[in-house]
2 protein chains.
Amino acid sequence: MLKDKKNITIYDIAREAGVSASLVSRVISGNGSVSEKNRMKIQKLIDKYNFRPNAIARGLQKSRSRMIGFVLPHISTEYFSSTYYEFEKRASKAGYMTILCNGKSDPEVESKILRTLEETRVEAIIFMGGRADLIGVEDEYIDELRKVNKSIPCIVCSSRAEMFDCIGIHGDDYIGVNKLMAHLAQQGYKSLAILGGTDQSHPSKVKKQYFKEAAIRYGMEIRNEWIIGNSFNPEDGAEAMKQLLKQSHIPEVACCINDHVAVGAINVALDAGLVIPDDIAITGYDGVEASILSRPHITTVCPNYSEYGETIFQAMTALMEGREFEKLTLIEPEIIIRSSSLRYK
Amino acid sequence: MLKDKKNITIYDIAREAGVSASLVSRVISGNGSVSEKNRMKIQKLIDKYNFRPNAIARGLQKSRSRMIGFVLPHISTEYFSSTYYEFEKRASKAGYMTILCNGKSDPEVESKILRTLEETRVEAIIFMGGRADLIGVEDEYIDELRKVNKSIPCIVCSSRAEMFDCIGIHGDDYIGVNKLMAHLAQQGYKSLAILGGTDQSHPSKVKKQYFKEAAIRYGMEIRNEWIIGNSFNPEDGAEAMKQLLKQSHIPEVACCINDHVAVGAINVALDAGLVIPDDIAITGYDGVEASILSRPHITTVCPNYSEYGETIFQAMTALMEGREFEKLTLIEPEIIIRSSSLRYK
């Protein structure tokens with residue numbers, strides 16, 4: 001009698017098939033000779049119990065490294081460091097050490113990291129940003145992560161994780177943008193700009209689309225010339241606001257792609273003598289420290305970093321134990337309403 | 001003939017002594033039997049070449065893990081994440097993977113991390129904050145790091161590294177504070193408060209002392225009741241500024257222990273209707289992003305993060321190769337003068 005489906009090991013399969021564990025391993029890896037009869041018998045059991053290759057690969061390892069790889073673009077970006085912190089806290093408590101690698105949003109640097117993490121025999125890889133967010137990323141980089149995922153469970157922090165055949169976890173930007181737009185509509189704003197973000201970034205493209213759709217629903221105006229920006233930093237926010245203010249007609253709100261862009265936009269608006277939010281309201285996104293340090297404090301959408309870290313940890317544990325996990329988990333963010341957009345309390 | 005003193009290995013010692021490498025290892029570790037004659041012969045060579053136990057321990061390892069441990073209090077604190085980033089960039093280029101651990105400034109959490117890093121057989125440990133900065137830290141925690149350093153080279157990012165028998169690297173706060181004070185004197189300020197920091201933090205205590213000494217040199221007044229603060233966050237800066245503003249006489253400058261405290265102090269000063277720097281100038285420390293995001297931009301002292309990371313990397317490489325390195329390297333910081341303290345350009 002086999003154990004609960006979730007706890008199946010390579011030895012259980014071997015026992016039920018009446019063969020050795022190494023024979024099961026040969027069927028899975030496709031290396032070494034196996035009779036057609038045994039191959040079919042074993043494959044049938046693998047299918048029956050939906051036994052995952054990842055768990056199998058792990059079961060074959062002689063010793064566990066207790067090591068996790070965490071790849072992100074740049075640890076000094078608070079969005080990433082906050083997520084990392086919440087994950088690492090849980091992982092270390094469970095006895096795992098986390099190797100943190102800065103991929104610099106460069107697929108080639110990421111490839112080098114992935115190779116080293118494989119050599120290091122990490123037990124799982126968490127992947128944030130970089131190629132996971134890049135629109136038009138080359139197939140070779142997609143295939144590479146897919147291939148790594150076959151021997152090491154990978155969790156991709158992106159709504160596009162499925163593209164890499166990986167489990168995905170991401171903030172729910174549809175809900176985030178709509179909470180923000182509901183607040184702006186409730187405050188009576190009638191028009192908005194979208195500042196910051198790039199065309200190469202999938203999350204930024206998706207967010208902009210959600211803003212446009214919500215604007216139609218709420219009867220708010222977005223002109224094409226009000227969608228300005230090339231990156232994610234305060235300098236881009238400043239430049240975008242400068243361009244916006246040159247126009248003959250400006251919108252009532254500038255929705256920024258993140259809090260850093262919002263800080264840059266605010267500084268330019270204040271320098272131009274505008275009153276926030278009376279002349280123009282400004283909103284951010286991500287709920288990082290900059291949103292509360294700036295004057296005025298910035299209305300923002302805050303991912304639940306604690307829940308984000310917890311979900312990544314749960315997914316990792318499930319995959320390492322060969323259990324199923326949701327293909328894509330979206331974490332509901334909270335809106336934090338502050339004076340940069342608050343007209344009526 | 002032995003090689004250059006810096007490149008001595010356990011095998012060189014064995015060759016010159018005419019014994020086996022394992023005998024040399026037994027003398028070093030103190031485990032296993034060695035004749036008194038051999039013991040003295042080997043010890044003499046060890047002393048002659050100033051051969052370091054760390055390098056010896058490494059030489060005995062059968063395989064290298066290419067793994068580095070990096071312990072810091074909290075990765076979301078930009079001072080730490082910037083240093084980590086600059087180090088990791090260099091380490092990964094050289095083929096090392098870095099395990100990043102959040103010690104939460106709790107010596108017990110740090111102890112657990114150190115044990116796991118030892119089990120993981122990391123080749124070096126970088127230690128920032130936590131017990132290294134804590135005044136009155138228990139002897140057991142000092143001894144523990146000393147002991148770890150005997151088998152794994154440890155670099156402590158503190159001016160107190162010698163206490164742990166470790167190589168130390170730290171920002172030169174004497175120069176940092178004095179560059180700041182020279183600027184304030186040049187701008188004609190005559191009195192200052194010191195806001196933020198705790199009595200338990202060694203760097204914060206030392207910085208305050210440097211401020212007081214420099215104030216005497218420049219003939220600037222610091223009253224005891226102007227030294228206020230209990231921590232390192234914006235809330236503490238806000239609370240400290242509130243207490244300062246309650247006093248019948250306030251100083252011309254508030255020197256904050258870091259940029260986050262300065263942001264909190266600025267917000268309270270502005271809310272009280274004060275003009276910065278005309279009514280009160282405010283300065284920060286650490287050169288983090290908050291200093292440029294705030295309005296007005298904050299005058300700050302910026303560690304050279306790139307040089308800091310490079311020096312940690314160089315020290316690590318030297319120790320792993322059994323080479324000598326400076327006991328304590330102080331990194332000279334730069335002052336960034338901004339509108340929060342600039343009266344005359």
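Q: What conventions apply to the model and its numbering?
A: In this predicted model, local features need pLDDT of at least 70 and side-chain atom pairs count only at pLDDT 80 or more, while totals for chains, interfaces and linings use all residues. Residues are numbered from 1 along each chain as its sequence is written, and chains are lettered from A and ligands numbered from 1 in the order in which they are written.

Q: At what angle do helices α6 and α7 of chain A pack?
A: Helices are DSSP runs of H or I with at least four residues, and strands are runs of E with at least two. Angles run from 0 to 180 degrees between N-to-C directions. Helix α6(A) (residues 107-119) and helix α7(A) (residues 139-151) pack at about 15 degrees, their axes 11 Å apart. They are therefore roughly parallel, a term for angles under 35 degrees.

Q: Why does B:Thr329 count as partly exposed?
A: A residue is buried with 20 or more other C-beta atoms within 10 Å of its own, exposed with 12 or fewer, and partly exposed in between. B:Thr329 counts as partly exposed because it has 19 C-beta neighbours inside 10 Å. This residue lies in strand β11 (residues 328-331) of chain B.

Note on methods: Angles under 35 degrees count as roughly parallel, over 145 as roughly antiparallel, 65 to 115 as roughly perpendicular and the rest as oblique.
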